[in-house]
Amino acid sequence: MEKKLSIILGFIVGLVFVNFDFDYSFLLEMNIDPAFVRAAVKTIGFVGALFCGLTLLFDAWKAIRSS
């Protein structure tokens, strides 16, 4: 149960990273281009949500197939 809960939370966090725009203005003060950081955060969120979603689908498919 704990494994599935962590996978679901990982999926939700990945969706948050992909769908919400965070304020990256503090990076401009440090002379860092926020476009690269924004792309990295969205990519990490997408990959995380993809892996967690596929894991949930395969676990469900395995449970349906075994019953």
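**Entry 1: Asp-59**

I began with Asp-59, which touches Lys-3, Lys-4 and Ile-7, leaving aside residues up to four places away in sequence. Contact here means heavy atoms within 4.5 Å. I noted that the model is predicted: local features need pLDDT of at least 70, side-chain atom pairs count only at pLDDT 80 or more, and totals for chains, interfaces and linings use all residues. Residues are numbered from 1 along each chain as its sequence is written, and side-chain values use heavy atoms, with hydrogens and water left out.

I placed Asp-59 in helix 3. Helices are DSSP runs (H or I, at least four residues), numbered from the N terminus. Asp-59 is buried and yet has no salt bridge. The nearest side chain of opposite charge is Lys-62, 4.1 Å away. For these terms I wrote down the cut-offs: buried means under 20% relative accessible area, exposed over 50%, and partly exposed in between, with a 1.4 Å probe and protein chains only. A salt bridge is a side-chain nitrogen of Lys or Arg within 4 Å of a carboxyl oxygen of Asp or Glu. For charge, Lys and Arg count as positive and Asp and Glu as negative, while His and the chain ends are not counted.

**Entry 2: helix 1 and helix 3**

I then looked up the two helices. Two packed helices are described by the angle between their axes and the distance between the axes. The axes of helix 1 (residues 2–19) and helix 3 (residues 34–66) come within 7 Å and cross at roughly 145 degrees. The axes are lines fitted to C-alpha atoms over the stretch in contact, and angles run from 0 to 180 degrees between N-to-C directions. The crossing is left-handed, that is, the near helix is turned anticlockwise from the far one by less than a right angle.

Residues of helix 1 in this contact include Ile-7, Phe-11, Leu-15 and Val-18, and those of helix 3 include Val-41, Phe-46, Cys-52 and Leu-56. I recorded the make-up of the contact as 11 nonpolar, five polar and four charged residues. In this count Ala, Val, Leu, Ile, Met, Phe, Trp, Tyr, Cys and Pro are nonpolar, Asp, Glu, Lys and Arg are charged, and the others, Gly among them, are polar.

Phe-17 lies in helix 1 and is partly exposed, at 33% relative accessibility. Phe-17 touches Phe-22, Val-41, Lys-42 and Gly-45, not counting residues up to four places away in sequence. I found its C-alpha atom 9.4 Å from that of Gly-48, 31 residues apart along the chain. Ile-8 is also in helix 1 and is partly exposed at 38%.

**Entry 3: the salt bridge**

How many salt bridges does a search of the whole structure find? The search finds one. Lys-42 pairs with Asp-21, the closest N and O atoms being 3.3 Å apart. Lys-42 lies in helix 3 and Asp-21 in the loop between helix 1 and helix 2, so the pair ties together parts that are 21 residues apart in sequence. Lys-42 is partly exposed, at 24%, whereas Asp-21 is exposed, at 64%.

I found Asn-31 in the loop between helix 2 (25–29) and helix 3. Its phi is near 60 degrees, a positive value in a residue other than glycine. Asn-31 is exposed, with a relative accessible area of 74%. Ser-67 lies in the segment after helix 3 and is exposed at 79%. The C-alpha atoms of Ser-67 and Phe-20 are separated by 39 Å.

Methods. Helix = DSSP H or I, 4+ residues; strand = E, 2+ residues; numbered from the N terminus.
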